[in-house]
Amino acid sequence: MFFQRFIRTIMTTSEAVIAKKVPIPPKGVDYRGKVVLAPMVRSGELPSRLLALHYGADLVWGPETVDRAMIGTTRRINPRTGCIEWSRVTSNNAKKNVDEESVVYRLDPVREAGRLVFQIGTSDPERAVAAARLVAGDVAGIDVNAGCPKPFSTTGGMGAALLRTPDKLASILEALVQNIVPEYQIGISVKIRLLETPAETEALVRRLVATGITGLTIHCRTTPMRPRERAIRGQLKMIVDVCHEAGVACLMNGDVESRDHAQKLVEEHVTDGAMIATCAESNPSCFRTGPLADWKETVERYITYAMEVENKLGNTKFMLNQMIPGKVPVFKEMMTCKTFTQTCRALGFEHLMERAKETDEILGLAVKEVNQPKQRQPKGEQKSNKADKKRKRDNDEAHAANKRLVPKVAETREDAVLAENKITQDFSAEQPSQSAPAPAAAVAV
Ligand SMILES: Cc1cc2nc3c(=O)[nH]c(=O)nc-3n(C[C@H](O)[C@H](O)[C@H](O)COP(=O)(O)O)c2cc1C
């Protein structure tokens, strides 16, 4: 009799623990049972997310976007693509005294519907709420970045700096839960790293899961660890237990290589799901089961999506750089291309040329098509004749005129990185910058 009652008590208790779940708001998503694309600055722009979804990612995180970068943007639907864009006018081109419109965040309301989580970089509850309000009606969740260790993030008190100020981090999450959840009916989550000791991590996780969040992602590295150091999974069980006691879904992140690998890890560590970053960056077909797709297939799909959504050429090339193996002959040629047309030609995608020309027109890159990618000339032929020089001057002038009408496009990886670094510096400062330049997706790792 006693034994039966004892068993019943244990079952009721464990069922209660298993069943406990912070309610998922009607327009939000449950992270349980999901393999998801990680937030990645530069690598998590819209075409990369669409590609991850195509290959089977259950949910996608957008790149961390700093609250100050979002505040002051205007939301518009791009009539050509149907995408929703948050943009701002910047005085980026100060030399030429020209204002330019720059897209800070872009999403696809159809293909990403119910599957996109917006990640915010913040160090202040009020700013976090103000920025979250701008997108909350268009996304399935808001996630707070509390794991970026880069100085540009931490000096602003954001990212991994929040791990050292748990009260501030909790107050940001509470403010989002109190203000965003009732109004927009989506959930709030957080992404953190391990602290130095299990006891410290446990205390932090206990504090965070009590704020009303629906999900927590643990990047299984400590703040000082380099990305190439293997993820540490020894604290996972404890973290999962604390999350489950509070009814919060727990995703694991760090060295997850594919859906098949994720499934094994999830079973082993009893997490609710897994998040993939670098493996998805180089080949997003890791989200399907079985072997990876050939790079040519993923690259063709990627560039098709990039053109469909009018992605910047600089960012597109940055991603191609991640996806194309460095040793294949087309790699170097592709890196010198200055337009989508040149890029598609270099990659042998003749069937995409019409679309590429249209995209070049829209993005103001068409004039560059006249200039073929630079090729090394034999020494004796290096001096260009006068006619060539004049043609180049005419093209440059036409291009400059075109540029005044269209958003600036970073043409090289260095341009993109420099622009993002500058944005980061401006938005990390405590005082808002009057001349804040165009944030692509300002900040962090
Ligand atoms: C290019 C790049 C950009 C990243 N940007 C972000 C970011 O915006 N927000 C964030 O929380 N983590 C960011 N991270 C960290 C990843 O989300 C992830 O936590 C980390 O790479 C570990 O996962 P992995 O071992 O699968 O790569 C970034 C990582 C990379 C490689």
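Which residues have the most contacts inside the largest nonpolar core? The legends below take this up, beginning with the whole chain of this predicted model.

**Figure 1. The chain as a whole, in a predicted model.** Of the 445 residues in the chain, 48% are buried. Take the contacts between residues at least 6 apart in sequence: 68% of them join residues at least 24 apart.

**Figure 2. The largest nonpolar core, with its 112 residues.** Leu216, Cys243 and Ile276 are the residues with the most contacts inside this core. Helix H6, spanning residues 166-184, gives the most to the core, contributing eight residues. Both domain 1 (20-287) and domain 2 (295-414) supply at least three residues each.

**Figure 3. A closer look at Leu216 and its contacts.** Setting aside neighbours within four places in sequence, Leu216 is in contact with Ser189, Val190, Ile192, Val205, Leu208, Val209, Cys243, Val248 and Cys250. One of these partners, Cys243, is also listed with Leu216 among the residues with the most contacts inside the core.

**Figure 4. Helix H4 packing with H6.** H4 covers residues 125-135, and its axis lies 8 Å from that of H6. The angle between the two helices is about 40°, so H4 and H6 are oblique to each other. The crossing of H4 past H6 is right-handed. On the H4 side, Pro125, Ala128, Val129 and Ala132 make the contact. Their counterparts on H6 are Ser171, Ile172, Ala175, Leu176, Asn179 and Ile180.

Key: Residues numbered from 1 in each chain as written. Predicted model: local features only at pLDDT ≥ 70, side-chain atom pairs only at ≥ 80, totals over all residues. Core = buried A, V, L, I, M, F, W, Y, C linked by C-beta atoms within 7 Å. Buried ≥ 20, exposed ≤ 12 C-beta atoms within 10 Å, placed from the backbone. Helix = DSSP H or I, 4+ residues; strand = E, 2+ residues; numbered from the N terminus. Domains from an automatic or database assignment. Contact = placed C-beta atoms within 7 Å. Axes fitted to C-alpha atoms, helices over the stretch in contact; angles between N-to-C directions. Parallel < 35°, antiparallel > 145°, perpendicular 65-115°, else oblique. Left-handed = near helix turned anticlockwise from the far one by under 90°.
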